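Today I am opening my notebook on a new structure.

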Amino acid sequence: ELLELLPKLGFAIGARAIKVDDRLVDKIGFAIEHWRHEQELQQRNQAIKEVHLGDKGEKINKREVVVKVPKQIIVREFAEKLQMPVTRVIAELMKNGILSSLNDRIDYDTASIIGEDLGFTIERLNEEEQETSHQEATNIKLKELLATKNEDLESRPPVVVVMGHVDHGKTKLLDAIRETHVMESESGGITQHIGAYQVKTKDRLITFLDTPGHEAFKAMRSRGSQIADVAIIVVAADDGLQPQTLEVLELVQKENVPFVVAINKIDKDSADPDRVKQQLAELNLVPEEWGGKVICVPISAKAKTGINELLDMVLLVADLKNFQANVAGPAVGTIIEAKVDKAEGPVATVLVQSGTLRVGDWIVVGKVAGKIKTLKNYLAQPIKEATPSMPVRILGLKQIPQVGDILEATADERRYREALKQIDKISRPQEAGVVSTTTTEESGEKVYLQLILKTDVLGSQEAIAGVLEGFQNPQAGFKLVRKGLGNITEGDVLDAASGGALIIAYRVVVSPVIKNLASEKGVDIVEGDVIYHVFDIARNRLQEKLPSETIATQLGSLKVLAIFKTEKHTMVLGGKVILGRVKMPCKVKLLRDKEVITYGEVLELQSGKQVMTEVVEGQEAGLKIKIDPIIQVGDILEFYQEEVKRIEIKLNN
């Protein structure tokens, strides 16, 4: 070890030397002692988070400018995010040997290097943020595809989304409308993925989307509001407006979706519909009976009362808005669910929004393509075609599409082939101007809990992955080494064993054979069918891997004016407090020419020959300090208090 260290310290000692000149012994000893001291200072600085005082004595935290970018970004857009001239960014790219124009793409690693050179901290967009950015672009494209001449339009059924807080009765309401019992099959009484149904009332069709209420499905609820014509917001009369109720109210207003408030559970003794109306009025959503414009319908999904009145209000809103679509053209729709079926392969549920979708049509969905072999309605019955506002399951795609992607259909195979070329161009990993480098998620001492996620449907997978991958903490994070659909396999267990990963099995089967194999390999499998139980376990497992955090908060500074006594491990000195205060108990940092020399601890504090617990700025003080006896007159002592905190992990989406 000494032979390896000496050259680093500047001593020309050969790797095979067995002796050293005795005149170098003292120099080597001093150099090693200094090196060890530097190592200790460095380790301490890495282990302790410091909170400093500003010039006026207030606490401040140094904050870096953080810019978030996706996996790939156009140079011009990157410059806009940095709020810098694009020429400055291009010049910085050239310094790093990268020739790019303002319309070329660079990858995340390149953007990170360039951004840091320009004084920014670059972070990658998490899955939810990337989805939001993608969804905005998708919405623009969808509006363009749905734009058509007025004379080509025909009336279509309204698409209604049912939204609200957990356990306020959304699925019970759909049960009452469809006279089915979906909720009994839902885990914990919570809808776990989007369902789409059609009902007939007064010889008119209404399409219903049922969206999950749990907070992890925020992105799915957002999709629901973007493709719906009318929203029914369910509020329990005994519980009032809750956080997710406020969230969906914000969503529907943001998307300009007309809505009807269904005040549910009016049959309960604790029901107070007027309280709900008052809460709405406080949000400037005044009910109609109070002179406003918000339609409120009291219902009981359990007793099936008020349901017809609610449907009448939905049809009234639909008549006022006069929802129309082009029935004759090629179909355009949005994917609302996708999964892999053992017998049928990739299956997607699409809501047709324009045109007519037929068996035999060539379709392109995002980066996935295929030919429709089978169409099935919401009752799983085979049909030959689907018109606007109809939800249908499609078979024939080569891969699973992304939920929220746009479906475009054509009967012309040549146009389909042209679309495939565009997909290939978009999906190509190396484009002109794209710089590709190896990406790693490891960062310093950051702790990761590796996960293998298997779910029943794609929507649930996206929601769970979005929360886990979107978790932000400088010390810890989740790393999804694999995510997929279907049951846990032997390969999943072996991969988890080799990588030390935790397997999450969400609403999928774990056979006894797989459980035995996992036990043999020391692999933990978390089975769950209620999403927040899964999150609790994942959070606890990551919490166990985290060390505690030490926070050093600066109290003040003192300038050394006199040295009174020096002993082997202590010094007694006097000085003047020039910033903040000295407060017992506290620790001390020795600064000389703004460089940290060593650390110590204040044993005693005096002022005017009296023992004190605190001395403030402008006063003189005497101190007894446990420290290396190297303090000199003119040195600056910085005082701080340390607090050890256990890092708390919260999964917020």
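I started with helix α15 (residues 512-521) and found I514, L517 and A518 buried, that is, under 20% relative accessible area with a 1.4 Å probe and protein chains only. These three lie on the same side of α15 because they cover an arc of only 100 degrees around the axis, taken from the directions from the helix axis to the C-beta atoms. On the face turned away from that side I noted P512, S519 and E520 as exposed, meaning over 50%.

A note on the source: this is a predicted model, where local features need pLDDT of at least 70 and side-chain atom pairs count only at pLDDT 80 or more, while totals for chains, interfaces and linings use all residues. Residues are numbered from 1 along each chain as its sequence is written, and side-chain values use heavy atoms, without hydrogens and water.

Next I asked: what do the buried residues of α15 pack against? They pack against α14 (490-499) and β27 (525-528), with contact meaning heavy atoms within 4.5 Å. Helices (H or I, at least four residues) and strands (E, at least two) are DSSP runs, numbered from the N terminus. After α15 comes G522, with a positive phi near 70 degrees.

Then I turned to the sheet. Four strands form an open, parallel sheet in the order β25-β24-β26-β27; strands pair if DSSP finds at least two bridges between them. β25 (476-485) and β27 are its edge strands, each pairing on one side only. I also looked up β24 (residues 447-455) and β26 (residues 502-506), which pair in the parallel sense over five bridges. There, L451 stands opposite L502 in β26.
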